[in-house]
Every structure is written in structure tokens, then in C-alpha cells.
Amino acid sequence: MIGPVADRQQTLRAAMLVWESRTLHAVLDDAVRATPDRSFVIADDHSWTYAEMAAWSKRLAAGLVALGVLPGEKVALVLANYPEFVAIRYAVSRVGAVCVP
């Protein structure tokens, strides 16, 4: 059981003593190193682990680069709440572009 909010906040503070600026995909990659096989995105008919989502986002990022997307550019997304939205958000981060949902 999860304790009171104050207990959870204290646990987080102890784990993250120093604020470190990181990209969205760097946070995912850290989660992959810590728990690669843990479920990350769970949909009605399928679930993706942290490692699977990272691999998917890397493939999508390569595709974005091949299409000419450059760091700093804005990438507009018109997607509903689907697993593809999660993967492409991380992919855009990997390219260094800005996601505009």
C-alpha cells in the first residue's frame, strides 16, 4: 500500500537529491536500464515494456530523420490517446525536435 503523500514525496526527494535537466527520451532510457521488462504502456489488446517502447521510438526517430526532421523543428501531432502517440512523443524527443500535440 502506498503511504501518505508526505512519505512518497520524501522517498522521491531521497532518490533525486540533485535536479538534473534531462530530455524526455533520456528519462525513458533510464527506465529501460532500471526495469526493461516492466510494462509501460498497457492497451486493451497489447502492452509494451519500457524496452519495447524505447526500441519503437528509436525506429520512429530514424524515420523522422530520414524524412528530414531536424533538431529544433516543430512536429505537429494529431493523434488520439493511442500507444502510437507515446512512441512518437519519445521519437520526436530523440530527434531533438519539439512535439506540438
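Guide: Thr49 is buried, because its relative accessible area is 15% (buried means under 20%, exposed over 50%, partly exposed in between, with a 1.4 Å probe and protein chains only). This is a predicted model, where local features need pLDDT of at least 70, side-chain atom pairs count only at pLDDT 80 or more, and totals for chains, interfaces and linings use all residues. Residues are numbered from 1 along each chain as its sequence is written, and side-chain values use heavy atoms, leaving out hydrogens and water.

Thr49 sits in strand β2 (residues 47–49). Strands are DSSP runs of E, at least two residues; helices are runs of H or I, at least four; both are numbered from the N terminus. Set aside the neighbours within four places in sequence, and Thr49 is in contact with Pro36, Asp37, Arg38, Ser39 and Phe40. Contact means heavy atoms within 4.5 Å.

Now take strand β1 (residues 39–42), which holds Ile42. Ile42 counts as exposed, because its relative accessibility is 67%. From Ile42 to Pro83 is 41 residues in sequence, yet 8.1 Å in space, C-alpha to C-alpha.

Pro83 leads us to the helices. Helix α4 (residues 83–95) and helix α2 (residues 24–34) have axes that come within 7 Å and cross at roughly 110°. So α2 is roughly perpendicular to α4 (65 to 115 degrees; under 35 is roughly parallel, over 145 roughly antiparallel, the rest oblique). Axes are lines fitted to C-alpha atoms, for helices over the stretch in contact, and angles run from 0 to 180 degrees between N-to-C directions. From α2 come Leu24, His25, Leu28 and Asp29; α4 brings Arg89, Tyr90, Ser93 and Arg94.
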